[in-house]
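I opened this model to look up its ligand sites. My notes follow in the order I made them.

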Amino acid sequence: MLDVRAKMAKKSGKKGERFNPAIDSVSKAGLPDWLKEAVFYEIYPQSFKDTNGDGIGDIPGIIEKLDYIKELGCNALWLNPCFDSPFGDAGYDVADYYKVAPRYGTNEDLFRLFREAHKREMHVLLDLVPGHTAITHPWFQASMKAERNEFTDRYIWTDNIWTSPKDNACIRGISDRDGSAVTNFFSHQPALNYGYYEITESWQQPMDAPGPRATLEAMKDVMRFWLSGGCDGFRVDMAGSLVKGDPEGKGIQLLWEDVRAFLNKEFPHAAMISEWGEPDRSLQAGFHMDFLLHFGPSHYNDLFRCEEPYFSSRGKGDVKEFVARYLSNYEKTGGKGLICIPSGNHDMDRLARYLTEAESKLAMAFLYTMPGAPFLYYGDEIGMNYVEGLVSKEGGYNRTGSRTPMQWDDTANAGFSAGSPASLYLPIDPSATRPTVKNQAERADSLYHFVKKMIALRKEHPALGNTAGITFTEVSYPLCYERFCDEERLTVTIDPKALTVEIRDGEKTVLSECFR
Ligand code: NOJ
Ligand code: CA
């Protein structure tokens, strides 16, 4: 049941033949070559490295730390939104898609980051937030006007203030325009208008109406601007929810197919990863990669973040649902792109809230031996803590504890900033035993060294690569799977109860670790 290879061989009628999406096909979108080797590092810019002492991380700080990231083994970055914003949702409320937020630097700094990354054979993804803007965005300001203008239909409005949209929340009572504006996430994030797939109200517009078409073209212009400036692609926020009235996802599929055609024509090497969490839909729609997330059907957090995570040495977790969903996605998407399993992100609790350092090593062993492009959230390589009890910052709420400044060393502010402690974006983890890059690098058996080792191992062994095949052979305690490509076939065994991980190539031991 669990052998994808056998299933695929059966489908293709070639009994017993190896199934390897890497070699058999490329994605519908044509996976850019660099993605086949990509290992990503996610940076929350405000908390990574501050170079001008204002207490907020900045783009020059990211440039300064590129060598650190490269040395760790990551060769690609994803930057959370760095555009001008009132920061009601940490930058996911964009006020100007064309301008770097002054607190992070200038557009020229960002262009320089692209150049510096490329010099080091690294790639950079920006965060595209196509679903909504800040209220302060000039498009929304114009859309709120009573008189008709170019942006009247850029957002979704009901036809009078007393009518609320049925399936979404809305903003009402702040405009001269008579109507309620649909929102997407927080109540200060009005939804851009990409149209409805099924129309049930007179104020809803079809996807091919002039307003929705203009919105999509405007978003392509944004992509064009940054891709022309040297950016290598985008992580797309809430990618699955742009089209409204679309319960089966048919409209959103059409929308991203349209974007795919544009990219194929103008920027075929741009990489696209969706925040969608349903690879069977997103990769079909033309994304190269999709994340498994803390929401959606993947059971991702059965492994890392729940009462009894699979990787806990208590051994009370359950990996079965996860594997079943993973395989179902894998089979549906085989050859069409990558399913990416992140170590965490700016929306989830830090791994260290649930797992000890030893258990985190097992989680990392898993993350770096699975197919798909790995994504490492900044600080997860040193086991940064979820900082408890913080007041919400910029719409972070419970997410705030995972967004604290990177801990570099034992100097003031853990080397994050030369500013005063009061000026820092968020306080540094107050724990006396907090990990830093320095203290982790000094300890030979640290998480940092293990992560580095695993990334290096992944690079050395083609069977561990992003596009090599997988077969699960045991799905309880321990978890066993085979990874394979033309050159080699490896067996991975991870046993959280025993705190061991082993990788074998036939009789030969490739890795054998016990963290007891
Ligand atoms: C998902 C982002 O990851 C999250 O941080 C943000 O708040 C919402 N989308 C809204 O844009
Ligand atoms: Ca700064």
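**Ligand sites**

I began with one residue, Asp50, which counts as buried because its relative accessibility is 4%, under the 20% cut-off. The model is a predicted one, and I read every value below with that in mind.

I then asked which protein atoms are the donors of the calcium ion (ligand 2). I found Asp50 (OD), Asn52 (OD1), Asp54 (OD), Ile56 (O) and Asp58 (OD). These donors lie 2.3 to 2.4 Å from the ion.

Next I turned to ligand 1 and listed the residues around it. I noted Asp89, Tyr92, His132, Phe185, Arg235, Asp237, Met238, Glu275, His346, Asp347, Arg399 and Arg403. I sorted this shell by residue class and got three nonpolar, two polar and seven charged.

I looked up polar side-chain contacts to oxygen atoms of ligand 1 and wrote down these:

- Asp347 has a side-chain N or O atom 2.5 Å from a ligand 1 oxygen.
- Asp237 places a polar side-chain atom 2.7 Å from an oxygen of ligand 1.
- For Arg399, I read 3.0 Å between a side-chain N or O atom and an oxygen of ligand 1.

Last, I asked how much of the accessible area of ligand 1 the protein covers. On its own, ligand 1 has 300 Å² of accessible area, and the protein covers 98% of this.

Definitions and conventions: Residues numbered from 1 in each chain as written. Chains lettered and ligands numbered in written order. Predicted model: local features only at pLDDT ≥ 70, side-chain atom pairs only at ≥ 80, totals over all residues. Heavy atoms only, no water. Donors = N, O, S within 2.8 Å, 3.2 Å for Na, K, Ca; no water. Buried < 20%, exposed > 50% of the residue type's maximum accessible area, 1.4 Å probe, protein only. Near = heavy atom within 4 Å. Polar contact = N/O pair within 3.5 Å; in protein donor to acceptor, adjacent residues only side chain to side chain. Areas by Shrake-Rupley, 256 points an atom, 1.4 Å probe, with all protein chains shown as cover. Nonpolar A, V, L, I, M, F, W, Y, C, P; charged D, E, K, R; others polar.
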